[in-house]
Amino acid sequence: MTAALVAGLLAGYGIAVPVGAVATYLVSLTARTSLRTGICAALGVATADGLYALVAALGGSALAAALRPVLVPLCWASALVLAFLAVRGAVTAVRHYRGHRLATRSAPPPPSPARAYLALLGITLLNPTTVIYFAALVLGTRATEAVSPLEQGVFVLAAFAASASWQLLLAGGGALLGQVLTGSRGRLVTALVSSGVILLLAVRMLL
């Protein structure tokens, strides 16, 4: 039981800690909106990690083999979604800066917490690296001994908790960033830098 708990925590942090395009977008979204929206978005990412951990725990190596033929389309879909978010964020920031409306959040309205949750859940689910990562970990465990359903449940819950704690930390950092950069120019620079990083990471995903 303890081994499954530790393995789940390590697996959750292992996939969550490396800062990529999703984490960058999460921080940027929280900075532009509110901590509540950021928390919901963070839980969306953690939910996707938990679902992939569950599927990997149940499917093991068979799932990895089944996904192999569609890895390229999944990577392209994920990269295109991230590129769209990056371009839209940059265009919106420039438009608001020119109209001197960055200091207010009346137009356009920020995404609701529920919409932010679903958006980050969908973006994270498009990433095939996560399921391959978890499948490899579970496969290594099953090579030596059988894993009981209870241990599988502990593994999945621990992976979700680890991912959620890290994503919530990122959301908190985004909220602090939003409070510091209150000026229109600061928000413009933050949005453009974030969009540039997300776009570069999306291109790197394809390469």
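This is a predicted model: local features need pLDDT of at least 70, side-chain atom pairs count only at pLDDT 80 or more; totals for chains, interfaces and linings use all residues.
**Where to start**

Residues are numbered from 1 along each chain as its sequence is written, and side-chain values use heavy atoms, with hydrogens and water left out.

**The chain as a whole**

The chain has nine helices and zero strands. Here helices (H or I, at least four residues) and strands (E, at least two) are DSSP runs, numbered from the N terminus. Read from the N terminus on, the elements go α-α-α-α-α-α-α-α-α.

Of the 207 residues in the chain, 39% are buried. Buried means under 20% relative accessible area, exposed means over 50%, and partly exposed is in between (1.4 Å probe, protein chains only). The chain exposes about 10,700 Å², with carbon and sulfur atoms supplying 73% of that; such areas come from the Shrake-Rupley method with a 1.4 Å probe, and for residues only the protein chains shown count as cover. Now take contacts, meaning heavy atoms within 4.5 Å. Among those between residues at least 6 apart in sequence, 89% join residues at least 24 apart.

Helix α1 runs over residues 2-16, and its 15 residues should span 21 Å at 1.5 Å a residue. The expected span is 1.5 Å times one less than the number of residues.

Zoom in on Gly 8, which sits in α1. Gly 8 is buried, with a relative accessible area of 0%. Setting aside its neighbours within four places in sequence, Gly 8 touches Phe 155, Ala 158 and Ala 159. Gly 8 and Phe 160 are 152 residues apart in sequence, and their C-alpha atoms are 8.1 Å apart in space.

**Helix α2: mostly wrapped up**

Helix α2 (residues 21-32) has twelve residues that should span 16 Å, and its end C-alpha atoms are 16 Å apart, which agrees. Ten of the twelve are buried, so α2 is largely enclosed by the rest of the structure. Among them are Ala 21, Tyr 25, Leu 29 and Thr 30.

Thr 30 lies in α2 and counts as buried at 2% relative accessibility. Beyond its neighbours within four places in sequence, Thr 30 is in contact with Leu 35, Gly 38, Ala 171, Gly 174 and Ala 175.

Together with Leu 35, Leu 43, Phe 160 and Leu 168, Ile 39 makes a nonpolar surface patch of about 350 Å². Patches are made of residues with over 30% relative accessible area and no salt bridge, where like charges are joined within 9 Å and nonpolar side chains (Val, Leu, Ile, Met, Phe, Trp, Tyr) within 5 Å. A salt bridge is a side-chain nitrogen of Lys or Arg within 4 Å of a carboxyl oxygen of Asp or Glu. Helices α3 (35-59) and α8 (149-180) each supply at least two residues of this patch, and the largest share, three residues, comes from α3.

Val 156 is found in α8 and is buried, with a relative accessible area of 11%. Leaving out its neighbours within four places in sequence, Val 156 is in contact with Gly 50, Ala 53, Leu 54 and Ala 57.

**Helix α6: one buried face**

In α6, the buried residues are Pro 113, Ala 116, Leu 120, Leu 121, Ile 123 and Thr 124. Seen down the axis, they fall within an arc of 165°, so they line one face of α6. The face turned away carries the exposed residues Ala 114, Arg 115 and Leu 118.

Note on methods:
The arc is that of the directions from the helix axis to the C-beta atoms.
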